[in-house]
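Subject: Handover of a structure and the findings on it

Dear colleague,

Please find below the structure that I am handing over to you.

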There are 2 protein chains.
Amino acid sequence: MHALLVEDDDRMAHALGTALAQRGHSVRRVGRASDALQHAHEAEFVLLDLGLPDLDGLELLRRLRVLCSAPLIVVTARCEERDIVQGLRAGADDYVVKPFRTAELMARIDAVRRRTDTPSGSRDTDDGDGGEPVRTGDVEIDLAARTVRVAGAEVRLTRREYDVLAFLAARPGEVHSREEILDRIWGDVFLAASRSLDVHVAGVRAKTGRPGLIRTVRGFGYQLGDGGRGDGP
Amino acid sequence: MHALLVEDDDRMAHALGTALAQRGHSVRRVGRASDALQHAHEAEFVLLDLGLPDLDGLELLRRLRVLCSAPLIVVTARCEERDIVQGLRAGADDYVVKPFRTAELMARIDAVRRRTDTPSGSRDTDDGDGGEPVRTGDVEIDLAARTVRVAGAEVRLTRREYDVLAFLAARPGEVHSREEILDRIWGDVFLAASRSLDVHVAGVRAKTGRPGLIRTVRGFGYQLGDGGRGDGP
DNA sequence: TTACCTCTGTCATCCCCCTGTCACCTGGGA
DNA sequence: TCCCAGGTGACAGGGGGATGACAGAGGTAA
C-alpha cells in the first residue's frame, strides 16, 4: 500500500506519516509540487495539502488528477466553502480541514478506498500512467512534463488551454460534455453558458495548427481528435 | 435521478429537498426508518439523518447498506469523532455535520457519485454494463466514452441520434415504446405524433450502415437489433 | 509600464432538429 | 385475392441554436 503524502510542514508530515504507518501503509512524503507530480503515478492514494509554497493548491490538484485517478483526499487549513467546493469539483474525493482528528481522517481514507478499489479492477487503464506521452497524429502531449509538441516542435499553451487539452488527452477517444469540462477545470458548471471554453479550444487549435486536434461534438462537448486530418466515416 | 432523503425534521427536509431539486434531482423524502428501508432499493443515492426517532441511526445505516449499495452520505447533528468514525465504518461514503453549507454538501454528493456511478444513462439494476461497451454484431456502443464503432471504425452520430441508440443499447433486447423513448430523451411524450424519432432512427441506420441495428416494432416502438442482418423469429 | 492571459459580448455561419409530404409496407377484413 | 387504413421510411426545406471568429475590458505578472 503506497500512500503519497504531499505536505510541506515537517511536523504535520511526521504526524500523518506515523499514523499512516501504524495502519500498515507505506508512505512517500514529498514537500513540493514538482515532486508530487513526479511520484503521482506510483500512489495508491494521495493526501494533499493545498498550501504548498511553489504552486497553487487547486492547480496542483488538477494536474494530479490528470496524471492519476487514485483516491485523493485534500487535507488543508483552507476552510472557506468556496475552497471546499472547488477542491471537490477539481477531483478530490474528500476534503478534510485542519486541524483534523486522526481517527476520522483514517476512517475517511478507508471509506474512499472502499469505493475506489473496485474488485473488478482496471478502472483506470486510461490516465497516462507514469510518463508516457499521449500521441495523436503528430501531436504529442506529455502529461507529466506538461508540454505539447507538434511535429517535434514544442508549442507553448496558456494554462487554460493546456488544462483543456490535457483533460481531453487523459482519456483519448472519450467524449466529454461541456459541463464536465467546466466542472473539472473551472470548478463551476454554471459557466456552461459562457464562451470561455470555446475561446480556449480555439486557442489550442490555432497554436497547434491542428484544427482537428480537438473535435467538437455539437450540442454536447468535445473530444480529443486525430491531430488534424478530419476525415469522416 | 432519484435521491432518497431520510430526515424527520420538516424544515430541514424542505431545505434539502429544494436544493436537490434545483440541481435536477427528483427527491423522495421519508421521515421514518421503516419507510427508508422500504424505498432504499429505488434510490440512486441516499442522504441520511442519523437522528430518527424510531430506530438507532447506526443500525439503520447498516440495514440500508445491506439493501442497497448506492452512494450514501450521512447528514446529522452528531459531531463526535466516535460517531463519525462509526458512521464511515458502517458504510457511509461521506459524513457531513449539521449545520452544513449547502454548496459544500452538493459538491460532496457529486464527488461521491463521480466515484460510484456508471458514467452514462443506464441507471437501473447494476448488471455490469458499467464500463464495458455494448456489442451487437460488429457494432460497438461505448456508453462511457459516448462513441459508436462499426467494424472497428468510429461512426460520428449527432446528439439525438446517439441518445436514441444509447437508450436502446442500455437495455439490449428490450422493446421500448415510442412514448418511453420520447419521454426519456426529449422529456416530452407529446411529441409522440411527431416524426422526429423516426428521422433520428433513420439517421442511425444510415450512418452505421446497419439497417438492422435498430429494429422497428410496428405500432409500438423500437428495439436494439443484431447489428445488421435483419433475420429474426 | 508593458505584455499577456482570461473572460465577455457580438456577429456570422453552419449544422442539426423538426416538420411536412409522398410512397411503401403491413395487417386486417371482405 | 383485393382493398383499405394506419404506421413507417425516405426525402427536402425552413428555422433555430450552437459554435467559430473576432474585438475589447479587466486583471496579473514581469
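A nonpolar core is a set of buried Ala, Val, Leu, Ile, Met, Phe, Trp, Tyr and Cys residues joined through side-chain atoms within 4.5 Å, where buried means under 20% relative accessible area, exposed over 50% and partly exposed in between (1.4 Å probe, protein chains only). The model is predicted, so local features need pLDDT of at least 70 and side-chain atom pairs count only at pLDDT 80 or more, while totals for chains, interfaces and linings use all residues. Residues are numbered from 1 along each chain as its sequence is written, chains are lettered from A and ligands numbered from 1 in the order in which they are written, and side-chain values use heavy atoms, leaving out hydrogens and water.

The cores

The largest nonpolar core has 58 residues, and those touching the most other members are Val6(A), Leu48(A), Leu60(A), Ile141(A), Leu143(A) and Leu165(A). Helix 6 (residues 159-169) of chain A contributes the most to this core, with seven residues; helices (H or I, at least four residues) and strands (E, at least two) are DSSP runs, numbered from the N terminus. At least three residues of the core come from each of domain 1 (2-116) and domain 2 (134-224) of chain A, with bounds from an automatic or database domain assignment. Another core, of 27 residues, lies apart from this one and includes Leu50(B), Leu58(B), Leu72(B) and Ala92(B).

Beyond its neighbours within four places in sequence, Leu165(A) is in contact (heavy atoms within 4.5 Å) with Ile141(A), Val148(A), Leu157(A), Val204(A), Leu213(A), Ile214(A) and Leu224(A).

Chain A as a whole

Chain A has eight helices and 12 strands. Of its 233 residues, 54% count as buried. Among the contacts in chain A with a separation of 6 or more, 55% are between residues 24 or more positions apart.

An annotated residue

The unreviewed UniProt entry places the feature "modified residue: 4-aspartylphosphate" at Asp49(A); such annotations may be inferred rather than shown by experiment, feature names are shortened, and positions are given in the numbering used here. Asp49(A) sits in the loop between strand 3 (45-48) and helix 3 (57-67) of chain A. Asp49(A) counts as buried because its relative accessibility is 6%. Leaving aside neighbours within four places in sequence, Asp49(A) is in contact with Val6(A), Glu7(A), Asp8(A), Val75(A), Thr76(A) and Lys98(A).

The search used a 1 Å grid over the protein atoms alone: a cavity is a set of points where a 1.4 Å probe fits but cannot get out, a pocket is an open set with protein on both sides within 12 Å along at least five of seven lines, and lining residues have an atom within 4 Å of a point. Grid points are joined across faces, edges and corners, and a volume is the space filled by probe spheres set on the points.

The second largest pocket has a volume of about 390 Å³. Of the 19 residues that line this pocket, Val97(A), Glu104(A), Arg108(A), Glu104(B) and Arg108(B) lie nearest its centre.

One cavity of 30 Å³ or more is found in the whole structure. The largest cavity holds about 70 Å³ of space and is lined by Asp93(A), Ala111(A), Val112(A), Arg115(A), Asp93(B), Ala111(B), Val112(B) and Arg115(B).

A helix in chain B

Helix 6 (residues 159-169) of chain B is largely enclosed by the rest of the structure, because nine of its 11 residues are buried.

With kind regards
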